[in-house]
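Take a look at it first, and then we'll go through some of its parts together.

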Amino acid sequence: MTRTLGWLALVGLAAGLLMAFGVAPRELTQGNVQRIMYIHVPAVWVAYLAFLVACGASIAYLLTRRADADQLAHAVVEVGLVFLGLNIASGSIWGKPTWGTWWTWDARITSVSIVFLIYLGYLLLRQSVDEGERAARYGAVVAVIAAPNIFLVHQSVNWWRTLHQPASLLKAGGATMPAILWGGIIVNFVGFGLLAAYFVARRVALLRREAQAAA
Amino acid sequence: MLTFARRAFIVVWKDLLIERRSKETLNALFFFALLLLFVFQFAVGPDRERLAGTLPGLLWLGFILSGLLGLGRTFVAERENDCWEALLLVPGDKSAIYVGKLAGNVLLMLTVAVLLLALFTIFFNIDLAPAIPALAAVVVLGTLGLASVGTLFAAMTASVRARELLFPVLLLPVQVPVLLATVKATEAALAGEPLAAYAHWLQLLAAADVIYLVAGILTFEFVLEP
């Protein structure tokens with residue numbers, strides 16, 4: 001099952017690369033640098049989806065106290081952080097030639113980084129609690145608060161400052177992007193999603209063995 | 001409902017009594033706030049214009065730094081004196097303890113806020129009088145947001161290794177919306193702008209307060225377990 005997921009992820013990633021480098025045309029003003037978008041945008045979608053799943057799994061854990069709900073939440077946050085890190089890093093690499101700077105305190109860079117720090121705190125907290133059951137409870141409480149807080153962070157930072165181009169895909173009135181670029185993002189999103197699911201499945205299996213070994 | 005309020009009140013009363021007799025936290029926090037003013041003065045320098053621009057940020061930096069110290073101590077007395085089990089023995093809904101602790105923290109932080117504002121007017125020679133109603137609204141909403149998550153996280157970190165370090169690391173990024181909203185609203189209020197110019201920040205603060213409060217009340221019992 002997990003192995004199949006891994007192969008599917010590999011196929012999805014290959015298709016994504018093909019879309020990004022083969023099918024999609026070179027962007028007129030930015031050139032090849034624009035192809036980073038095919039990593040940048042799907043990565044943040046996968047990360048935020050992961051944090052949403054973490055919130056749901058954490059609520060399930062608090063209500064049922066089933067260890068696998070907590071293992072899922074823990075694994076999903078770790079994988080979400082990896083993809084969010086990928087999003088921030090790829091954005092930074094794109095920003096240097098396009099905006100002329102590695103880093104700027106633009107609204108969306110800032111809010112995404114704050115979300116990154118919030119979930120890094122989640123892992124730090126879990127690490128500093130010795131008993132597994134207590135770490136699970138505390139982690140779940142943080143994950144439950146963190147998810148609605150993402151909206152507050154984005155709203156407040158948006159009002160505070162904005163320089164990033166407005167969202168091109170998810171906005172009222174339809175996308176302002178040709179279908180061919182759109183398609184590249186969607187294919188990559190599916191590929192990244194499969195990869196994330198594969199990572200999560202692996203991580204959950206590992207966490208389960210750790211728990212068995214400790215018991 | 002009545003017993004809930006009474007139980008919460010008993011927790012507040014207990015904490016206030018301890019504080020009144022020991023004066024441990026408030027005295028130290030007041031002294032800390034005073035020291036912060038000196039540090040800010042060194043950082044910004046004597047330039048009046050620059051000071052006016054940074055004042056709202058400094059004000060909230062002062063609040064949040066003293067808040068971190070004060071909030072982090074919420075459950076230390078219970079931990080150090082082995083009274084955690086006694087708290088657990090409180091019958092009925094455990095969120096009454098949360099509400100009580102939260103009310104105590106809000107009272108403590110509002111006291112620090114008033115002191116800090118008074119010190120600011122004296123040391124930085126600014127006239128806060130016309131902005132007082134707006135400032136009061138911002139301070140109350142901001143303190144509530146800060147304290148509601150702070151109380152919850154303090155209960156978590158009270159029994160954790162490296163508690164003093166983990167508490168701010170956990171609380172600060174979560175509190176970014178509250179910080180931005182309070183600083184921006186304070187800036188507008190001090191500049192004498194009409195309420196309509198910064199009402200959206202107050203709405204965001206109120207929304208954050210509601211979300212944090214509900215989440216805190218619902219999840220506190222899971223934190224309190226031994």
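## A loop residue to start with

Arg65(A) counts as partly exposed because it has 14 C-beta neighbours inside 10 Å. The scale behind that word goes like this: 20 or more other C-beta atoms within 10 Å of a residue's own make it buried, 12 or fewer make it exposed, and anything in between is partly exposed, with C-beta atoms placed from the backbone. You'll find Arg65(A) in the loop between H2 and helix H3 (67-99) of chain A. It isn't a glycine, yet Arg65(A) has a positive phi of about 60 degrees.

Lys23(B) sits in the loop between helix H1 (2-22) and helix H2 (24-44) of chain B. With 11 other C-beta atoms within 10 Å, Lys23(B) is exposed.

A word on the ground rules: this is a predicted model, in which local features need pLDDT of at least 70 and side-chain atom pairs count only at pLDDT 80 or more, while totals for chains, interfaces and linings use all residues. Residues are numbered from 1 along each chain as its sequence is written, with chains lettered from A and ligands numbered from 1 in the order in which they are written.

## How confident is the model?

pLDDT is the predictor's confidence in each residue, from 0 to 100. Chain A has a mean pLDDT of 87, and 93% of its residues reach 70 or more. Helices here are DSSP runs (H or I, at least four residues), numbered from the N terminus.

| Confidence in chain A | Helix | Mean pLDDT |
|---|---|---|
| Lowest | H1 (residues 2-23) of chain A | 87 |
| Highest | H2 (residues 37-64) of chain A | 94 |

## Inside chain A

Phe51(A) belongs to helix H2 of chain A, and it counts as buried, with 23 C-beta neighbours inside 10 Å. Contact means that two residues have their C-beta atoms, placed from the backbone, within 7 Å. Beyond its neighbours within four places in sequence, Phe51(A) is in contact with Gly80(A), Tyr119(A), Ala146(A), Ala147(A) and Ile150(A). Its C-alpha atom is 8.4 Å from that of Ala73(A), 22 residues apart along the chain.

A nonpolar core is a set of buried Ala, Val, Leu, Ile, Met, Phe, Trp, Tyr and Cys residues joined through C-beta atoms within 7 Å. The largest one has 125 residues, and Ala50(A), Ala54(A), Ala73(A), Val76(A), Ala143(A) and Ala146(A) touch the most other members. H2(A) gives the most to this core, with 16 residues. Not counting residues up to four places away in sequence, Ala143(A) touches Ala54(A), Cys55(A), Ser58(A), Ala73(A), Val77(A) and Tyr122(A).

In helix H1 of chain A there is Leu17(A), partly exposed with 17 other C-beta atoms within 10 Å.

## Where the chains meet

How many residues does the contact take from each chain? There are 24 from chain A and 24 from chain B. On the side of chain A that touches chain B, helix H4 (107-128) and helix H5 (132-160) of chain A are the elements that give two or more residues. H5(A) gives the most there, with 15 residues.
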